[in-house]
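Please look over the sequence and the model below before reading on.

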Amino acid sequence: MTTFLSHLNVIPYDVFANPAASVIVPIALGTAVGFSSRPNQTQATYLAMKQPPLRPPPRVFGPVWTVLYGLMGYAAHRAVTAASPLVSTDHMRSLYSVQLGLNLLWMPLFFGFRKPVLALADIISLVGLNGYLTYLYFSVDSIAGWCQVPYMAWLGFATYLTAGVGHLNNWDISEAALEKKLS
């Protein structure tokens with residue numbers, strides 16, 4: 001599978017070579033997905049669902065994800081531009097591109113299509129892929145690895161929230177199901 005991934009160089013090397021571009025691209029893409037999901041409707045949906053303990057208020061997610069997208073971009077810049085005979089730059093670029101795609105897919109799966117099971121499968125894949133990326137990053141640049149640690153922690157928390165919301169709402173967060181709960 002990893003041989004195939006090396007042919008998926010979705011994000012060009014020039015983006016990774018530039019630290020500003022590496023930071024701005026994931027922030028811009030994450031912001032675009034966030035705004036395309038109609039934030040007011042997303043917040044209303046979020047508040048209508050049964051939530052597990054420790055859920056943060058909706059206003060926390062935007063700032064947290066902005067910081068995490070910036071850190072993941074900077075980590076990718078450092079890891080990809082660090083010369084290492086142990087890890088292929090194409091391999092890291094491909095894995096990073098796939099994980100960014102999975103990350104951006106979560107919100108439409110959960111809030112757009114209202115499919116918590118698919119969103120949970122997505123985020124579990126994201127945790128596994130980022131665990132491997134974090135390992136690779138540490139092998140080429142310790143700062144890049146440490147930049148991934150807050151992201152990994154938040155992904156673990158987000159997995160808990162996704163599974164908790166799914167379970168507490170019987171894996172049905174459709175508009176009809178949420179309206180029933182409110183009436």
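The model is predicted, and its largest pocket holds about 820 Å³ of space. Of the 34 residues lining that pocket, those closest to its centre are Gly34, Phe61, Gly62, Trp65 and Met107. Several helices contribute to this lining: helix 3 (19-36), helix 4 (39-48), helix 5 (61-81), helix 6 (89-112), helix 7 (116-140) and helix 8 (142-168) each supply at least two residues. By class, the lining of the largest pocket divides into 22 nonpolar residues, 11 polar residues and one charged residue.

Helix 2 (13-17), helix 3 and helix 5 are the elements that give two or more residues to the cavity lining, and helix 3 gives the most, with three residues. Seven of the lining residues of the largest cavity are nonpolar and two are polar, while none is charged.

Charged side chains come next, and a search of the whole structure finds two salt bridges. In one of them, the side chains of Arg78 and Asp141 meet at 2.8 Å, N to O. Because Arg78 lies in helix 5 and Asp141 in the loop between helix 7 and helix 8, this pair ties together parts that are 63 residues apart in sequence. Arg78 counts as partly exposed, at 23% relative accessibility, whereas Asp141, with a relative accessible area of 13%, is buried.

The side chains of Asp90 and Arg93 also meet in a salt bridge, again with an N to O distance of 2.8 Å, but here both residues lie in helix 6, three residues apart, which is about one turn of the helix. Asp90 is partly exposed, with a relative accessible area of 33%, while Arg93 is buried, with a value of 9%.

Val149 is found in helix 8, and its relative accessible area of 33% makes it partly exposed. A residue needs over 30% relative accessible area to be part of a patch, so Val149, at 33%, passes that cut-off.

Technical notes. Residues numbered from 1 in each chain as written. Predicted model: local features only at pLDDT ≥ 70, side-chain atom pairs only at ≥ 80, totals over all residues. Heavy atoms only, no water. 1 Å grid on protein atoms, 1.4 Å probe; cavity = no way out; pocket = protein on both sides within 12 Å on 5 of 7 lines; lining within 4 Å. Points joined across faces, edges and corners; volume = space filled by probe spheres on them. Helix = DSSP H or I, 4+ residues; strand = E, 2+ residues; numbered from the N terminus. Nonpolar A, V, L, I, M, F, W, Y, C, P; charged D, E, K, R; others polar. Buried < 20%, exposed > 50% of the residue type's maximum accessible area, 1.4 Å probe, protein only. Salt bridge = Lys/Arg side-chain N within 4 Å of Asp/Glu carboxyl O.
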